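Subject: Structure handover

Hi,

Here is the structure I promised to pass on to you. Please load it next to these notes.

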Amino acid sequence: MNDCPHVEELPQPAPEPLSDTCPECLAAGTHPVQLRICLVCGHVGCCDSSPGRHGTAHFTDTGHPVMRSFEPGESWRWCFVDGSIV
Ligand SMILES: [Zn+2]
Ligand SMILES: [Zn+2]
Ligand SMILES: [Zn+2]
């Protein structure tokens, strides 16, 4: 079931990625495990298995609710507000 209201509010078409890796990791010298892209603004951040968890930090900072996997071949989306795949 997909009853996430946040997906409906995402910009169309989806934003272009702002970078090709996590810029916070690049600045801090840490390595992202996997990458996620914010579907509101195109911010690229790392996953919760990465040291910096910058994807989650981006949601905390901005309130942008939905991200998509930025890994090749993966297209699932995650809503931070609902805490589920959408
Ligand atoms: Zn949602
Ligand atoms: Zn990061
Ligand atoms: Zn964003």
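Below is what turned up, starting with the metal site.

This is a predicted model, in which local features need pLDDT of at least 70, side-chain atom pairs count only at pLDDT 80 or more, and totals for chains, interfaces and linings use all residues. Residues are numbered from 1 along each chain as its sequence is written, chains are lettered from A and ligands numbered from 1 in the order written, and side-chain values use heavy atoms, leaving out hydrogens and water.

The zinc ion (ligand 3) is held by Cys38 (SG), Cys41 (SG), His58 (NE2) and His64 (ND1) as protein donors, 2.0 to 2.3 Å away. Donors here are N, O and S atoms within 2.8 Å of the metal (3.2 Å for Na, K and Ca); water is not among the atoms, so sites may look incomplete. Along the chain, the donors of this zinc ion are spaced C-x2-C-x16-H-x5-H. The angles among the four donor atoms are 104 to 112 degrees, making the site tetrahedral (four donors with all angles between 85 and 135 degrees). Cysteine 38 and histidine 58 are both buried (under 20% relative accessible area, 1.4 Å probe, protein chains only).

As for disulfides (pairs of cysteine sulfur atoms within 2.5 Å), the whole structure has zero. Cysteine 47 is in none, and its nearest cysteine sulfur, that of cysteine 46, is 6.5 Å away. Cysteine 47 counts as buried because its relative accessibility is 6%.

Happy exploring!

Terms used:
Buried < 20%, exposed > 50% of the residue type's maximum accessible area, 1.4 Å probe, protein only. Tetrahedral: all angles 85-135°; square planar, octahedral: opposite > 155°, others 65-115°.
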